[in-house]
Amino acid sequence: MPEAAIDASDDLWPAIRREAQRAAAADPLFGKALAGAILTHDDFAAALADLIGRRLGSSAERARFTSFSRDAFRGEPDLIEAAGRDLAAIACRDPAVTDLLPPLLHYKGYIALQAWRVSNWLWRHDRRDAALLFQNEASNLLQVSIHPAASIGSAVYLDHATGIVIGANVVIGDDVTILQNVSIGRSSELPARSPRIGRGVYIGAGASILGDISIGDLAKIGAGTVVMGDVPAGCTAVGNPARLTNCPETVSAA
């Protein structure tokens, strides 16, 4: 099994370190950066907290974002398990990726999602000013805005990521892929009336999913589609307004 196929497990961090050691040996100048970002850390949680701090914080603020992230990862180890599954999902779904190290270091959608995991932990522990600070900096610096009160599963891939907006109380299941310029949020003033995205859903670039609606497991939302009604499991939604196509026979006959 190639290292890119490693799931979130005890093997993930050793695989990342092996990749970093090979890259450092091949390019000593790049190796200096890898030493600080990967090789000096004892585990995945420490490296990821440092990477979040590097991406979100200025030189003066970096330690603050890193500290918040470490607090979250120590307080809820499941966040690191989810982060590992997110990383493995990129290696599995993106044909341009052959290793784990490049998306960890360079994919802003990955770091934005992990910064959201920290912000969500802060939100749930009544540290809401800090949670909103994470959202604001991720929006400003990474062009990804995910409200801390959203709910997102694991093995989620934000592909390209620029312009993604996910509102409060949106629910997103496991194994979901979201491309750039996607908006998911409420269509009324009632925040609880937000979309619920099922497992394994694919959301194409520029799509908008709005309102108190459900997107069923394994559904596909085409690029530029505007969805304001339920999409049954396994169906594809395309167009503005959305129309359903390629539905399973049980749905089509219903």
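Tutor: What follows is a short chat about a helix, some charged pairs and a sheet.

Student: What kind of model is this?
Tutor: The model is predicted.

Student: OK, helix α3. What span should its 13 residues have?
Tutor: At 1.5 Å a residue, helix α3 (residues 44-56) should span 18 Å. Its end C-alpha atoms are 18 Å apart, so the two values agree.

Student: How many residues of α3 are buried?
Tutor: The helix α3 is mostly covered, with 11 of its 13 residues buried. Among them are Phe 44, Leu 48, Asp 50, Ile 52 and Leu 56.

Student: What happens at the start of α3?
Tutor: There, a side-chain oxygen of Asp 43 comes to within 3.4 Å of the backbone nitrogen of Ala 45.

Student: Back to Asp 50. Why does it count as buried?
Tutor: Its relative accessible area is 5%, and buried means under 20%.

Student: Which residue does Asp 50 form a salt bridge with?
Tutor: Asp 50 forms one with Arg 62, and the closest N and O atoms are 2.9 Å apart. This pair links distant parts of the chain: Asp 50 belongs to helix α3 and Arg 62 to helix α4, 12 residues apart.

Student: What else in helix α4 is worth a look?
Tutor: Take Thr 66, which lies in helix α4 (residues 62-75). Thr 66 is buried, with a relative accessible area of 6%.

Student: Which residues does Thr 66 touch?
Tutor: Leaving aside residues up to four places away in sequence, Thr 66 touches Ala 49, Asp 50 and Gly 53.

Student: Give me another one, then. What does Glu 76 pair with?
Tutor: Glu 76 forms a salt bridge with Arg 124, with the closest N and O atoms 3.0 Å apart. Glu 76 sits in the loop between α4 and α5, and Arg 124 in helix α7 (residues 108-124), 48 residues apart. Glu 76 counts as partly exposed at 22% relative accessibility, and Arg 124 counts as partly exposed at 41%.

Student: One more. What about Arg 196?
Tutor: Arg 196 forms a salt bridge with Asp 212, where the closest N and O atoms are 2.8 Å apart. Arg 196 is in strand β8, while Asp 212 is in the loop between β10 and β11, 16 residues apart. Relative accessible area is 31% for Arg 196 and 44% for Asp 212, and each counts as partly exposed.

Student: New topic, the sheet. In what order do its strands come?
Tutor: The order is β2-β5-β8-β11, in an open sheet of four strands with parallel pairing.

Student: Why do β2 and β11 have a side without a neighbour in the sheet?
Tutor: β2 (151-152) and β11 (214-215) stand at the edges with a single partner strand each, so one side of each has no neighbour in the sheet.

Student: How many bridges hold β8 and β11 as a pair?
Tutor: Strand β8 (residues 196-197) pairs with β11 over two bridges, in the parallel sense. The bridge partner of Ile 197 in β11 is Ile 215.

How values were computed. Residues are numbered from 1 along each chain as its sequence is written. This is a predicted model: local features need pLDDT of at least 70, side-chain atom pairs count only at pLDDT 80 or more; totals for chains, interfaces and linings use all residues. Side-chain values use heavy atoms; hydrogens and water are left out. Two strands pair if DSSP finds at least two bridges between them. Buried means under 20% relative accessible area, exposed over 50%, partly exposed in between (1.4 Å probe, protein chains only). Contact means heavy atoms within 4.5 Å. The expected span of a helix is 1.5 Å times one less than its number of residues. A polar contact is a pair of N or O atoms within 3.5 Å; within protein, one must be able to donate a hydrogen and the other to accept it, and residues adjacent in sequence count only if both atoms are side-chain atoms. A salt bridge is a side-chain nitrogen of Lys or Arg within 4 Å of a carboxyl oxygen of Asp or Glu.
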